[in-house]
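Hi there,

Here is the structure I promised to pass along. Have a look at it first, and my notes follow below.

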Amino acid sequence: MQADTLLLQRRSCGRLTDPAPSAEQLDLLYRAALRAPDHGALAPFRFVEISGEGRATLGRLMAASLKSRAPGTSNETLAAVSQKPLTAPLIIAVIARVERTERIPRQEQVITAGCAAHAMLYAAYAQDLGAFWRTGDYATDPLVRGAFELKPMDELVGFIYLGTPATEPRPPVALEPADFIEYWS
Ligand SMILES: Cc1cc2nc3c(=O)[nH]c(=O)nc-3n(C[C@H](O)[C@H](O)[C@H](O)COP(=O)(O)O)c2cc1C
């Protein structure tokens, strides 16, 4: 794939199916993630691969999280939420692991983990995999944070849903650079 195709055409894919990424494809995803810009070379991230029964565990966790935040949620909604992780053969939780902030601010380390997640999306697209970055209120919920053993300064930057695209990629949203640029000269 040409670099400009990758950079300009990448899209998320919300409809995913089997097969999951192969070991070789996953290896490229992780190697791309580890190339994220990283002030101080702290490697402030870790990844949790969620597949098979682990997805049902995540689904139960998400439903419990929603119920704790919104006790009036209907059983139908809770059941639907618990099914969400089963819509992808593999999910990778990307966690910013922030241990020390004397030299490099926490925000920079969280951004590095976000860049790692973004690199995974590119590596997925480059290999014709489908990928979708999800967070929602789950990522900051104490129940979920606890289940993923986050320390106080850590951040769950996202769940990357991965699989084989079940739909053709949509055309990218057309934004014009000129609408976002100001000039200091
Ligand atoms: C940190 C982060 C969290 C996100 N969380 C969600 C989410 O929970 N649900 C959702 O529908 N989209 C979420 N998105 C957006 C999608 O992953 C996706 O980027 C968006 O739908 C635009 O599609 P595109 O990547 O094809 O341009 C999130 C994006 C980021 C960067």
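The crossing of α2 and α5 is right-handed, a label given when the near helix is turned clockwise from the far one by less than a right angle. Helices here are DSSP runs (H or I, at least four residues), numbered from the N terminus. Helix α2 covers residues 23–33 and helix α5 residues 106–126; they pack at about 145°, with axes 7 Å apart. Those axes are lines fitted to C-alpha atoms over the stretch in contact, and angles run from 0 to 180 degrees between N-to-C directions.

Where they touch (heavy atoms within 4.5 Å), L28, L29, Y30, A32 and A33 of α2 meet A116, A119, M120, A123 and A124 of α5. By class, that contact has 10 nonpolar residues, no polar and no charged ones.

A word on the source: this is a predicted model, where local features need pLDDT of at least 70, side-chain atom pairs count only at pLDDT 80 or more, and totals for chains, interfaces and linings use all residues. Residues are numbered from 1 along each chain as its sequence is written, and side-chain values use heavy atoms, leaving out hydrogens and water.

Now the ligand. Around it (a heavy atom within 4 Å) are R10, R11, S12, F132, W133, R134, T135, G136 and R170. Among the polar contacts (N or O atoms within 3.5 Å), a polar side-chain atom of R11 lies 2.8 Å from a ligand oxygen. A polar backbone atom of W133 is 2.7 Å from an oxygen atom of the ligand.

Best wishes

Technical notes. Helix = DSSP H or I, 4+ residues; strand = E, 2+ residues; numbered from the N terminus. Nonpolar A, V, L, I, M, F, W, Y, C, P; charged D, E, K, R; others polar. Polar contact = N/O pair within 3.5 Å; in protein donor to acceptor, adjacent residues only side chain to side chain.
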